[in-house]
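Here are a few exercises to work through with the viewer open. Try each one yourself before reading the solution.

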Amino acid sequence: MLQVRDKLAPFAPKLGVVAAVIVVVTLLVLTVSLARDVLCQIRDLSAANSDNAQWNLSQSEVEHLRLQSAVSQALQGGSLEPVRLHFDIFYNWVFTLHDSSLFSGLRESNHGVDGLGKIQDLLITFVPIVDGPDEQLRGHLSELEADLAVNGHEVRAMTLAGLVANALGADSKREAVAATLRRLGWVVVALFSALALTAWKIGRLYRHGRVLTAASNAAAARMQAMVTSSLDAILMVDVKGRIIAFNGAAESIFGFSRDEAIGKKLVDLIVPDHLRSGYLDAMTRYRSTGDTKGVERGRVRLEAKRKSGEIFPVELSITLSRSGKDAIFVSYLRDISDRIAAETELTRARDDALAGEHAKANLLTVMSHEMRTPLSGVLGSMDLLGATPLTKEQTGYLHAMRVSGEILLHHVNEVLDLSQLEAGVRLEPPQNFDLAELMSGLVDSQQATARAAGNTLDLRCRLDKTSIVRGRPRKIQQALLNLIGNALKFTRNGSVVVELDRQGNGDQVQILIRDTGAGIGADDLERIFEDFVTLDASYGRAREGTGLGLAITRRIVDALEGQIEVESKLGEGSLFRVSLPLPDAQTDLARQPRSEVGANSPKAILVVEDNDINRVLMTTTLQRMGHQVTAAAGGAEAVAAAAAGQFDLILMDISMPKVDGIEAYRRIRAQNLAEGVDIVALTAHVAADDHARILDTGFAEVATKPINRSELSDLISRHTSAGMAADPQPVTSDIG
Amino acid sequence: MKPWKSVLAAALFALLPVISGATDPGSDAPILLEVEVQSIAGQQAEVTLFRLADLKALPVVRFETNTIWTQGVQRFTGVSLAALTRHLGITDGTLVLQAVNDYIVKFPVSGAVEGGPIIAYEHNDAPMSRRNKGPLWIVFPYDSDRDYQTAEIFAMSVWQLIRITVEPVNQ
């Protein structure tokens, strides 16, 4: 509708004007023709082919009387000449009445015709007498007088008839004139109306035009204000590339004043040299083909040039504004130097943060190696020292040293665990184990700690039928130990209860650790599982320890695809709920032969370790466990030893000078020196990459140093031939 | 004519005989028209008498026209008022036309133009009798111009003309 109107709009006024002109011209023609008509009629009225008909008629009566008078005077002896003169005059009048068109009305009325006829008859009768000799005329004078007297009535009647007829004729003429005048009046009224309508229309157009002009001015003023106050530079460029508008923002961005910019070529002013050809190509294409694709490309990032010659990044949007044949490119242009700088800053910050992460990982790697290696030496030495005869006092000191050493090792391990879990070190392979046995061992190992703080520690196991499940016992043990250890740590003279039950018939096993200890504030509940938060949180730092325990626990549970939740009330205690997928594995385990052979079964073990202290410690430890040990101080020596003797297991350090553990492994395997013998890597490296690389080489397992006796015992059990299976003793924690 | 010339002409006319015949004064033919030219003072008037021959001696004008007093196209022959006034040396003033029945009407000399009114002495190629609007009749060529079809012109169409008095301008 609007479109249609818009399309018609240019024609509508023209049609209207044409119609109005036609109407006015028609009315004018009508008016002129009617006016001419009226003028003719008025002239006819004034000229009125009448020649004073009334006067003529009455004159004929006058002339009749004069003739009568002349005859009377002649009868009384007067001259005959007046009789003849007035006879002729009267005769002339009467015959004029008879001939003239003026008196057609008279002649058409019965009275008129009769009267006129009689008078004419009389006159014709007397013509010979009047023209005759005087005597004859005088002889007929009395007769003439008598006839004239009789005819006086006829003349009178004829005059009256003529008057009536003329009056009628005048009436009809007046009517005609009146009708014409009325018509003229209507036409004039119509003409006036048309003119009035036209004037009104013109007035309306004028007012409409003024309103439009005002609106247009207002819009222009608003537009001007918008352009002026815009924070973005606004440039308008004509099709020849000349700048025709340049707002204040443009002035401040480009450094050119408005007067400097207007009329200049855009390309010479702000287009950097390297974009020049592209810009000119786009403009040329537009001019030759009208194709605006090269110009109107939405928001684009380009570069522009300031007056100083500085090139800076801009965000640009160009729109082509067409108005009739003219076209103007309107460009909105934003200086995004600051944004780019901010983005760069942000990228750098992110890179810095990533670098920091790398540094941390590197630090951990270094820590793991450089701290654990000497720690292995300390702890191993203490083990050996404990086996020597000591005084009671010395035993007490040694115990203190061992406790401190193990706490230190525990802290280091926690940090390393976290980084390992973070790095996604692959977990031990799942295996079947007795969950109830594992839990009771765990609880038993903590009983001493519980008693020391006046706590009771109970295990309530509600597993149905069987307690053999499939899962990763070492990780489960680590996670639960953390939770139980925490519960005991924050409880004094209270109770800690560990409950174990299977959820229905499913694979989920729920483990609850409930204490009556200090509890955790609601504000902290959300935070206790977060990474590192506990490092500086009161919960973690209130007691001894790194405070990473719960973070590690959460990561372990996550890695085991379980869930951990906590409920707690400050001062009333806490409840940790761990759900783990641990499917029933009764049948699987039943098939596995249970080893009855203890750790005492002696094995031939090759220990490869470049660190002298650790090598001696490891050798001594293994010998005390009853094994037969051969030690090699490097990769080359290891290969030689493997070639020289038969072993049940090879424990290989990885980081060694010259021939490292991996190279030694390859050589042994390449020469088939230890067929069917597991080679276990023993390393202080904990990084996931390292472990993966070592396992890819072919090592049976990667054990992390320092390694305590029980771990070592397990390790030997796992990797020596059947009958050497590990004694399923509960693993005792090195720390309380 | 300029006023001073009129004064001069009047002074000259005052010296001339009062009545002058246009042609042979001794003729038996009746005098059809008397033209009196009044001087400025109105006392020393000059009268010129015209017989039919005198009128016919002047340039003859002939035309055909309808009139409101007759039926059908009429043919008139006569002398134009313009020729008559020129003959008499009259250039301005007013002609007072008088009929036999004392009908009097005034006509401006300026109206006496060639192609305009004539003093007709023949109607349809025959002399006119007194019973038929004669012997002289002021006739306009009514058909030639609508301006000659007004009541005023019709009133000036004097028939049975016997006398013309020329009144000077400033009278």
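Before starting, one definition: two strands pair if DSSP finds at least two bridges between them. Keep in mind, too, that this is a predicted model.

**Exercise 1. Work out the order of the strands in the open sheet of chain A, and find its edges.**

Step 1. Follow the pairing across the sheet: its 5 strands come in the order β7-β9-β10-β12-β11 of chain A, and the pairing is mixed.

Step 2. Look for strands that pair on one side only: these are β7 (456-462) and β11 (563-569) of chain A, the edge strands.

Step 3. Check the twist, which averages 10° from one strand to the next.

Step 4. Zoom in on one pair. β10 (residues 508-515) and β12 (residues 573-581) of chain A are antiparallel, with 7 bridges between them.

**Exercise 2. Trace the strand pairings of β5 in chain B.**

Step 1. Strand β5 (residues 74-80) of chain B runs antiparallel to β4 (residues 60-65) of chain B, joined by 6 bridges. Here B:Arg62 has B:Thr77 as its bridge partner in β5(B).

Step 2. β5(B) also pairs with β8 (residues 118-123) of chain B, again antiparallel, through 5 bridges. In this pair B:Ser80 is bridged to B:Ile118.

**Exercise 3. Is B:Pro117 buried or exposed?**

Step 1. Locate the residue: B:Pro117 sits in the loop between β7 (104-108) and β8 of chain B.

Step 2. Count neighbours. The cut-off for buried is 20 or more other C-beta atoms within 10 Å. B:Pro117 has 26 C-beta neighbours inside 10 Å, so it counts as buried.

Step 3. See who is around. Beyond four places in sequence, B:Pro117 is in contact with B:Leu81, B:Ala112, B:Ile138, B:Val139 and B:Phe140. As for B:Ile153, 36 residues apart along the chain, its C-alpha atom is 9.6 Å from that of B:Pro117.

**Exercise 4. Which residues touch the most other members of the largest nonpolar core?**

Step 1. This core has 61 residues, and the ones to pick out are B:Ile118, B:Ile119, B:Ala120, B:Trp137 and B:Leu161. α4(A) gives the most to this core, with 8 residues.

Step 2. Take B:Ile118 as a worked case. Not counting residues up to four places away in sequence, B:Ile118 touches B:Val61, B:Phe76, B:Gly78, B:Val79, B:Ser80, B:Leu81 and B:Val139.

**Exercise 5. Describe the side of chain A that touches chain B.**

Step 1. The contact takes 19 residues from chain A and 16 residues from chain B.

Step 2. On the chain A side, α2 (12-47) and α4 (81-99) each supply at least two residues. The most come from α4(A), with 8 residues.

Step 3. Sort the chain A residues by type: 7 nonpolar, 8 polar and 4 charged.

Note on methods. Residues are numbered from 1 along each chain as its sequence is written. Chains are lettered from A and ligands numbered from 1 in the order in which they are written. This is a predicted model: local features need pLDDT of at least 70, side-chain atom pairs count only at pLDDT 80 or more; totals for chains, interfaces and linings use all residues. Helices (H or I, at least four residues) and strands (E, at least two) are DSSP runs, numbered from the N terminus. Axes are lines fitted to C-alpha atoms, for helices over the stretch in contact, and angles run from 0 to 180 degrees between N-to-C directions. Two residues are in contact if their C-beta atoms, placed from the backbone, lie within 7 Å. Ala, Val, Leu, Ile, Met, Phe, Trp, Tyr, Cys and Pro count as nonpolar, Asp, Glu, Lys and Arg as charged, and the others, Gly among them, as polar. A residue is buried if 20 or more other C-beta atoms lie within 10 Å of its own, exposed if 12 or fewer, and partly exposed in between; C-beta atoms are placed from the backbone. A nonpolar core is a set of buried Ala, Val, Leu, Ile, Met, Phe, Trp, Tyr and Cys residues joined through C-beta atoms within 7 Å.
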